[in-house]
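Subject: Aromatic rings in the attached structure

Hi,

Here is the structure for you to look over. My notes on its rings follow.

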Amino acid sequence: VNNEPYGTVCFSSYDPRATPFTEAEKSFSYLIAQMAGYEFEQQQYETELSDREAELEERREIYRAVIDASFDLVFRIDTDGQFTYLSPAVEDLLDYTPDELIGRSLTTVLPDTKTVDLAWGLFQRVLDDQPIEELYLPLETKAGDKIFVDIRATPVYQGESASEDQSSGDVSAIQGMAREATERKRRQRLIQVLNRVLRHNLRNDMNIITGMAERLEERLTGE
């Protein structure tokens, strides 16, 4: 009815039946009932599937909107160390478009061998099922400038793995977030320099005070 499954399977007659139903006729009616039941189940499955897809699409859209609006860089790396996703924030952070980095190794944005070794070590830890956090990781922009970021990364597991059974063997990718930390790094360095200068100047002044106190102590008597 209106392209929707509805109703019952019915066999009727105005005339009384002279002979019992045969096994073939019983099997036929059973088969018809099974076919009708299958159609109802199929319709219900398609409806539930459609609702589920709509729900997932809504969640994906919310997820996309949150990432696109974030000032932080969100990225995903496969188990070979290649970028499979980068949020639009990568352009502000590194001057690359997402398409320029997708399919390329994470080493593309690392400035030197020391950082490469550090990054591969962090990468392996996540593959071993250990979320990581690293402060002031150096990165290199498209123009060759060095910046610093704070990074958090966590393993992504295969969809069929139950949460209680997940292990390093189920890791299918790495999801991470990077936040600009260059200015904070510079302020920290400036504070360290100022502290060294302050300590140096205080030591010089205290040396003078100590020296003069010792001379006074030699020349004066009593309290």
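Phe83 counts as buried, at 7% relative accessibility. Buried means under 20% relative accessible area, exposed over 50%, and partly exposed in between (1.4 Å probe, protein chains only). Phe75 is buried too, at 7%.

This is a predicted model: local features need pLDDT of at least 70, side-chain atom pairs count only at pLDDT 80 or more, and totals for chains, interfaces and linings use all residues. Side-chain values use heavy atoms, without hydrogens and water, and residues are numbered from 1 along each chain as its sequence is written.

Rings of Phe, Tyr and Trp (its six-membered ring) pair if their centres lie within 6.5 Å; planes under 30 degrees apart are stacked, over 60 edge-to-face, the rest tilted. The count by this rule is two aromatic pairs. Phe75 and Phe83 make an edge-to-face pair, 6.5 Å centre to centre, with 85 degrees between the planes. Trp120 and Phe123 are also edge-to-face, at 5.2 Å and 85 degrees.

Helix α4 (residues 113-127) holds both Trp120 and Phe123. They sit three residues apart, about one turn of the helix. Helices are DSSP runs (H or I, at least four residues), numbered from the N terminus. Phe123 is buried at 9%. Trp120 is partly exposed at 29%.

Which charges sit over rings? The charged end of Arg17 is over Phe21, 4.3 Å from the ring centre. Lys185 lies over the face of Tyr136, at 4.8 Å. The test: NZ of Lys or CZ of Arg within 6 Å of the ring centre and within 35 degrees of the ring normal.

Best wishes

Key: Helices (H or I, at least four residues) and strands (E, at least two) are DSSP runs, numbered from the N terminus.
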